[in-house]
Every structure is written in C-alpha cells, then in structure tokens.
Amino acid sequence: MHNMIRLESYGDSLEKGVYRCHSRFRRAVNFSNGRSLATLVDRRVGPGPRHIVVCGLALQKVERLAIGDDDIFLDGLRIPFASARRYDSRLRLEGPVVVQRFAGNLECFSRCLGREAPPRSLAFLLDDKRSRRRPSALEQSVAERLRLGRKMIFSPDFLPGIKMVAGLGFGLTPGGDDFIGGLLLALYYGQQLFKRNFESAIRLVCRSAEGKNPFSGTMLADAGEGRAVGRVKSLLAALINGNEKKVRQNALQLRAIGHSSGIDLGVGLLLTGRALVRNQGEPWW
C-alpha cells in the first residue's frame, strides 16, 4: 500500500521540525510546529511555498508530520524528497515586459473578479457602486473600515491604511490580510516591472500587518519574499505576458482558494497593480 503513496511536490519554504495537526479541511490538513506551518494537500489544491502535495494517502487520517533535510515522515512513514519535486515559489519575470499589456490585462482581470466574487468577498472594494448593506451590523462595520483602509492605502496614509485593514474580515485568513498579501505580491513584481526598489516599503508593510493569526503571518511572510502558490504564480504570469483568455482562465482558479481568500488576494493585487501603472512605478506613499 505504501508503494502507492507518491510525493508530487514540496514547497521551498518548508522548515525542518516536528509538526502537530492544527486544522483539517476537505483537501488540506494544516500542521504547526509552534513557529511555522506546513500543509498537506491533494493535487487539486496544487503546489505552494509550504505545501506538500501527496497522492495515494488518506490526508484526513494523518496526525503527525516531521520534516527533515532529505525526507518527510507522515505518522512515521518515511517519504524521501527528490529535488525534481521541489516547487519553486519565487516570482520571476520571463521574457520582455510591456507595461501597456499588463495594464490592459489588469482591466480584464477586474471584470473576472467581479463575476467570480462570492458574497462576502472584498470585491466591493473594486467599485463603490457594488457597495450594499451587509446582513449584520458587524459586517457593515467591517466593510466600512475596509473601504476607508483601501482609500488610505492608496494615499500618503499608506501605512496607517495597512494597519487599519490588517486582521479585518472573517475566515481562516481574514479578508484584509489576504488583500495585503495581494498588495505585497504586486509590489514585489512591480519592482521588476518598473525597475524600482520597494524593499523598504515591503518590509514596513509586513511589520505593520503583523498579528496573531498564524495562517496570515505565514502567508504575508511568503508574499513579502515574493513567494506564491502555483495558482497565483500562473495568474501573475498571465497578467504580465498573457492574453485575455489566459487571464480569464487563471482568474477562475482564484475562486478555488479558500471561501474568498483567492478573490480577496486578487483584489489587493489588482488595486496595487493599477496604482503602480497610474504612477508609472513611482511610489505614492
């Protein structure tokens, strides 16, 4: 039976150590060692900086995970690493860059996000006309703070806006944190697009968004280093060098990341990309 278990990929940000099960979902099991996270996922979730994609294994039954230099252990079962299976999560530009193409693809992406957005996503931040009253006073209050935070972020009140948005929202990773993750990825890619250095701003954003949510913390740390899951890497490649068809195909894949996490990250990525294009790569903060 063990011969049927196959390691399809493992992330390049996984940290060595002994992990305990933290939480379980249909296609993913999260593990924590107290400092870092690692996630067992099936192939439909795909690769990520801290994902371990395993086939032929009942993920929901795994209780313990250990990561070494050359192998992982799942409830004591050793599975060796192979360098060919290591997922490269870094964002890298390939080929010639045409800013006008990127700008046009962003608008196609915006239309896709609007169509795919679930009710509790942050798609209302794309267009004030989409705003509508929330079913509860709490949700209405959160939405208003997110709207104000968005306005501040894309103004000289950049960092106060980040602090306002951080931790806001619902779910395993609050929508505000997913938004900031998209913003960080756009800034990281924007450095290559516009030949700028945003490292100081990226560090300040990561520091300003620090919180107690381990999932958000891990995601934001990876985004600040220009690391992303496979679906997001493919989307960014489509935005830079693809056509509208490729953008639409990859935008659809965001819907599969969490309840609204992929869409919320996409909103942050889109609005930050637009701001960079509008300012021709010059910082607005």
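In what order do the strands of the open sheet stand, and how many strands form the sheet? Nine strands form the open sheet, in the order β8-β7-β6-β2-β3-β4-β5-β1-β9, and the pairing is mixed. Two strands count as paired if DSSP finds at least two bridges between them. Strands (E, at least two residues) and helices (H or I, at least four) are DSSP runs numbered from the N terminus.

The model is predicted: local features need pLDDT of at least 70 and side-chain atom pairs count only at pLDDT 80 or more, while totals for chains, interfaces and linings use all residues. Residues are numbered from 1 along each chain as its sequence is written, and side-chain values use heavy atoms, with hydrogens and water left out.

Strands β8 (77-80) and β9 (86-87) stand at the edges of the sheet; each has a single partner strand, so one side of each lacks a neighbour in the sheet. Strand β3 (residues 28-32) and strand β4 (residues 37-41) run antiparallel and are joined by five bridges. The bridge partner of A28 in β4 is V41. Helix α6 (residues 214-224) packs on the sheet, where α6 touches β2 (17-24), β3 and β4. The direction of α6 makes about 90° with that of β4; angles run from 0 to 180 degrees between N-to-C directions, and axes are lines fitted to C-alpha atoms, for helices over the stretch in contact.

A nonpolar core is a set of buried Ala, Val, Leu, Ile, Met, Phe, Trp, Tyr and Cys residues joined through side-chain atoms within 4.5 Å. Buried means under 20% relative accessible area, exposed over 50%, and partly exposed in between (1.4 Å probe, protein chains only). The largest nonpolar core has 59 residues, and F109, I180 and L239 have the most contacts inside it. Helix α4 (residues 175-194) supplies the largest share of this core, 11 residues. A second, separate core of 20 residues includes F31, I52, I67 and I79.

The axes of α3 (residues 158-165) and α4 come within 9 Å and cross at roughly 140°. In α3, F158, I162 and V165 meet G176, D177, F179, I180, L183 and L187 of α4, contact meaning heavy atoms within 4.5 Å.

Two residues other than glycine have a positive phi. D75, with phi of about 50°, lies in the loop between β7 (71-74) and β8. D75 counts as partly exposed because its relative accessibility is 34%. Q280, with phi near 50°, is found in the segment after α9 (261-278), and counts as exposed at 61% relative accessibility.
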